[in-house]
Structures are given as C-alpha cells and as structure tokens.
Amino acid sequence: MKSEKIFTGDSMKMFTAKEEKNLTYVLDKAEEEESLMLPEELHGFLFGLTITPDPITPSEWLPVVLDKEPQFKDDKEEQTCIGYLMDAYNRIIHDSNCGKLFFPFNYEKLSDLEYEMIEGWAYGLYRALSIRPHIWGMSEEYEDMKEDDIPAALADVIDACITITAIALPEERDEIFGSVAGEKPRDPEELEEAIYNMLPSCVEIIQLYGEKLRGEMNPSASTPASLGYQQTGNPGRNDLCPCGSGKKYKKCCGNN
C-alpha cells in the first residue's frame, strides 16, 4: 500500500491539500512499505517537534521520518523532499505561533477511521518527545525518583506522557498500567477507553508545559518561529541551511 492510498478521510484536517500532495511524494520514497510513516504519525511527530522548547534541528529529526534509505534518484529529488517536509513543519510552527495548534481529533464527531488513527498519531508524538526525554520526565533519572522530589508541574507532565506512551505502544500497556496487588485486572477495553479519553487533556498539559519552559529558557523568543526556522521551499546546496545553523545546506542537513 503506497501513500496515495493512506491520505484519506478526515485526517486531512492535519494537512493542507498542497501538503497532502507533497507529502505523498515524500512518503513514497521509503525503501520498504513497513518503513512508511503514515500521515497521522507524521503529524503527531511534527506536532511534538513544535511543542518541544529545546530546538531540534532537521539533521536530528529528518532521519526519523525518512527511515532507512529512501529511494531518491538524485540530489535534486532529495532536496525537494526535504523542502516539502520543512514546509509542512514550518506551517505547523506558524499555527502554534498563532495559537491554532491543537489536538487534531474531535471526539464529539470521531469516525471509526479517525479512532484507528489516534494510536498512530500518539506514536508519532511519542517519537518526537523521545528525542528530548529529559524535558518531559521520560528519561531514566525520573524512574526511581521519589514523587515528593518531582516538581508538581513536571509530575503532571510525566503522568501525561505515561498515557501517551500507553496509547502509542499498546503492547506495553499492561506493564504501564499494571494492576495493584490484590486487585482485579482492568478490562482491556475499559482501560483503552479511559486512556483515549484522557489523551486530549494530556496533550494540552505537555503543550502548555513546553510553552512555559520556552519562555523561561529564552524570554525574548517564546515561540518556535524565533528559533531560526524559516520558510525555505526547496533549499539549494549552497543556500543557508533551513535549520538555522548558519552553515550552507550541503555542509549541514544536506550532508545527511
């Protein structure tokens, strides 16, 4: 199944028509079908990059999207695909700056197709948050830390990330939400319904926490647009790299 068949239904609330066309072109470059990042997963991933207050350069995240060796026929095609991804990313950043970036599923009008997409979207978000796990309390240092030693705001974020992880990695759900000794194990369907209902508020918690940290880290640049990401189209090899490093594209992200 190639990507022209997976950009369907209400998921297009996540991407514009132009982005849909361009991202279809990009995702079809995956070497193997199983390495395809589905559109809802890609949106969740870009969403996670955008809300992370510590800048994540394209050289870090592009290899995640273009898993394994994509089938580019030449440098021009590679630059075009990277440009398409950057365009979608920058548009999501713009939405965030304008206060228009929200959890993309409307639970009051949720179709069966969209319900199936939630797991993929959460998995993309989880992968993005995992690039900077220390920010979200997802690193090992917090696993054995006493609850009283964790700031209240971060404790809420950790709980939110646990819920996101449980949706993103359903095979680990029982371990994440293991039954308390002596209690009857939770019904899997009831557990799934409960954590899915919690997801919108969990996303809001980490989104607001990211905004708070960004303001504390750099009061004069409280939005992702101030971090050096510019609308670039398709960067030439001698153009400045869109990641904001100040280097030429061919010696920075274009060298990956």
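Biologist: Is C98 buried or exposed, or partly exposed?

Modeller: Buried means under 20% relative accessible area, exposed over 50%, and partly exposed in between, with a 1.4 Å probe and protein chains only. C98 is partly exposed because its relative accessible area is 41%, whereas C81 is buried, with a value of 0%. This is a predicted model, in which local features need pLDDT of at least 70, side-chain atom pairs count only at pLDDT 80 or more, and totals for chains, interfaces and linings use all residues. Residues are numbered from 1 along each chain as its sequence is written, and side-chain values use heavy atoms, with hydrogens and water left out.

Biologist: How many disulfides are there?

Modeller: A disulfide is a pair of cysteine sulfur atoms within 2.5 Å, and by this rule the count is zero.

Biologist: Where is Q207 found, and which residues is Q207 in contact with, leaving aside neighbours within four places in sequence?

Modeller: Helices are DSSP runs of H or I with at least four residues, numbered from the N terminus, and Q207 is found in helix α8, residues 188–217. Contact means heavy atoms within 4.5 Å; leaving aside neighbours within four places in sequence, Q207 is in contact with F47, I51 and L101. Q207 is buried, because its relative accessible area is 11%.

Conventions
Helix = DSSP H or I, 4+ residues; strand = E, 2+ residues; numbered from the N terminus.
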